[in-house]
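Trainee: I would like to go through the terms used for this model and check each against its cut-off.

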Amino acid sequence: MNPFEAVRLALDTIRTQKLKSAFTLMGVCIGVMFLIAVVSIVNGMGNYLKDDLVGKLIAINSFELRHRPNINMGDVDNATWEEYRKRKRLRYHEVAPVAEVLPEGTRYAVIADNQLSMTSQYGRGPRTVRVTGVEGDFFDIKALEVTDGRLPTPQEYMLGTPVVVIGPDVVERLFPNLNPIDREVRIAGVPYRVIGVTETQGSAFGMSFDNVAYVPYKAPARRLFNAEPTMIDAMMIQSPSEAEMTETMERVRTVMRTLHQLRPAEKDDFAMQTADSALEFWNKLQGYLVLAGVALPAFGLVVGAIVIMNIMLVAVAERTAEIGLRKALGARRKDILSQFIVEASTLGAVGAMAGVGLGVVIAMIMRAVTPLPTAVAPWSVVLGVVVGAGVGIISGVYPASRASRLDPITALRAE
Amino acid sequence: MSNTIDDIGISTTGERRAVVSVPGTTPDPDWVIVARGLKREYDMGGEIVRALRGVDLAIRKNEYVAIMGPSGSGKSTLMNLIGCLDSPNGGEYWLNGMLVSAMSDDQLARVRNKEIGFVFQTFNLLPRATALQNVELPLVYAGIPADERKRRATEALDSVQLGPRLHHRPNELSGGQRQRVAIARALVNRPSILLADEPTGNLDSTTSQEIMRVFENLSRQGQTVVMVTHEPDIAAHARRVVVLRDGIVESDERRERFVDRVGISHATTKVAHD
């Protein structure tokens, strides 16, 4: 008997015994459903972090030179923190030597920021805003544009003119129903002229990226960003392509080690943070979550396996006469064996497919009602169905071998 | 009473003696069944039950033989051995020139599929399968492709006048129709022997006669038929009757001698020859 025949036979049995099959399939179905759902939720969290969060913080093909990484997803131990704390801060005078070694076509920007209080005579109360002092190609690297007004000019950067580009949230709060361009705003009490409004940058985890203001690095707010005005928080560097970025990072490392007078045996006392390095911890965590996502449904699958085995044993007992007849008509031991194994694995696979369907529905519901962009992983669908069928095979082996060993004479007599 | 039918394919006592007398020799292909000193013992919890104690039996192609005997005579055991459902403890069994008594389980399954067409007392149809699917079953195990299976199964059902009932399930058919489905199933693989175990045991007398007519027609068309029964008037439909008692052959004779000896009314047997 060919396998196709056996599958058809199994589907017939499932069709004719719907209720019994439904109960049989439940364990596998629920197990696979959780597998699909958990994996797609973990996947969704991963995509969210990569695209929405880190993607917004770190531009494409770029890295940030910092004294220590600022995106740490929780995996930094105390000793490392201690070491981070003792590091030399980056200084403005280090920017020029680094910029000198950058390959042609590379963009760079200086960043220093802090949460500062902003007020205006038009809006309500002070507003705490993330104010960033920038210089260089900052707006190009971030691909950030103004919807209104303009960006600072090179002269304004050079002179540290008190001009500011503000985010939409700040406009809403400090300039309700007003065009803010050319109006005055105070940052920590110092008057600035609004020259532009940025496009919206959205939010992540309830944190708005629009409650921001950008001033020339050399503007008066510089004194308020860090303990000393010459300190900067980061130098942002963007290569024209991913391939060139590695080379650029190597050059920057060499310059920085020279500037910091590090001996060859000493470790870097600065960080070059890429999107990948920021996601390192997440990638590790994702592994554990997926493992949990696979381990928990495993219990459901074990239960499913026991149920299928039980049902198959009952089926063998109920169909003793049928087995006897099949043997009398020429079924060999392996024909009977494969009939029942295929039947069990078809049960498992059908259960798994139902589970896949339900898992996908759960993922879609999660997507609709939570901010998580859940994404069903194709491999989890394949794994689910394969595991379902595998559970069927494993739990079908024992009942099938019992069936195949039945003596045709005794089996024929059973009614 | 047509003597011509009886003359076709009936072996004589002398011929049978000759073919069973030399152990180990392959019989002439004309002999479908040759059993030499067939023994079967069962161990029933320490007690040895000797169901067959040395049965000699030779059946030639196109014979129509009934095996009779009271319960406990060993006729079911003999049927199981002839049907290759069981293996003997002693003696030899040649089916169609093959030494079946030396075969493995899987080889026996192959032989059952190709050489034996079973008809059971309780029909043994798959309840959820249609008549057509039931008849296709032996072809499935023979590895015949689906479209040819369908064609041959339809043919077989046509030959037992069930052409219009192809897609009926057993519970939609009468007892006689079910047994005819079973006969179609038995014949679909063109077996060497049609082996029937109490084929009329679950049927009323009218339907029994109907089934006996089917057997008679098959025999006329050249099919070798072996039928196990405990009813003398059913056995009397065969052309040769073998009676077992206590695990050995008690008598092996033409129908006429059997009928005369047991005294069955002519009326019962007449029907089969209309």
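Mentor: We take the chain interface and then the aromatic pairs. The model is predicted: local features need pLDDT of at least 70 and side-chain atom pairs count only at pLDDT 80 or more, while totals for chains, interfaces and linings use all residues. Residues are numbered from 1 along each chain as its sequence is written, chains are lettered from A and ligands numbered from 1 in the order in which they are written, and side-chain values use heavy atoms, without hydrogens and water.

Trainee: How many residues of chain B are in contact with chain A?

Mentor: Contact means heavy atoms within 4.5 Å. By that rule, 22 residues of chain B touch 24 residues of chain A.

Trainee: What is the area buried between chain B and chain A?

Mentor: About 2000 Å², with carbon and sulfur atoms giving 57%. Buried area is the accessible area (1.4 Å probe) that two parts lose on being put together, summed over both. On the side of chain B, B:Leu85, B:Arg128 and B:Tyr141 lose the most, together 31% of what that side buries.

Trainee: Why is the pair A:Arg333 and B:Asp105 called a salt bridge?

Mentor: The rule asks for a side-chain nitrogen of Lys or Arg within 4 Å of a carboxyl oxygen of Asp or Glu. The closest N and O atoms of A:Arg333 and B:Asp105 are 3.5 Å apart, so the pair is a salt bridge.

Trainee: What makes the pair A:Tyr122 and A:Phe175 tilted?

Mentor: Rings of Phe, Tyr and Trp (its six-membered ring) pair if their centres lie within 6.5 Å; planes under 30 degrees apart count as stacked, over 60 as edge-to-face and the rest as tilted. Here the centres are 5.6 Å apart and the planes are at 35 degrees, so the pair is tilted. A:Tyr122 and A:Phe175 are 53 residues apart in chain A.

Trainee: Is A:Phe175 buried or exposed?

Mentor: Buried means under 20% relative accessible area, exposed over 50%, partly exposed in between (1.4 Å probe, protein chains only). A:Phe175 has 1%, so A:Phe175 is buried. A:Tyr122 has 30% and is therefore partly exposed.

Trainee: Why is the pair of B:Phe118 and B:Phe120 called stacked?

Mentor: The ring centres are 5.5 Å apart and the planes are at 5 degrees, so B:Phe118 and B:Phe120 are stacked. B:Phe118 counts as buried at 2%, and B:Phe120 counts as buried at 6%.

Notes
Helix = DSSP H or I, 4+ residues; strand = E, 2+ residues; numbered from the N terminus.
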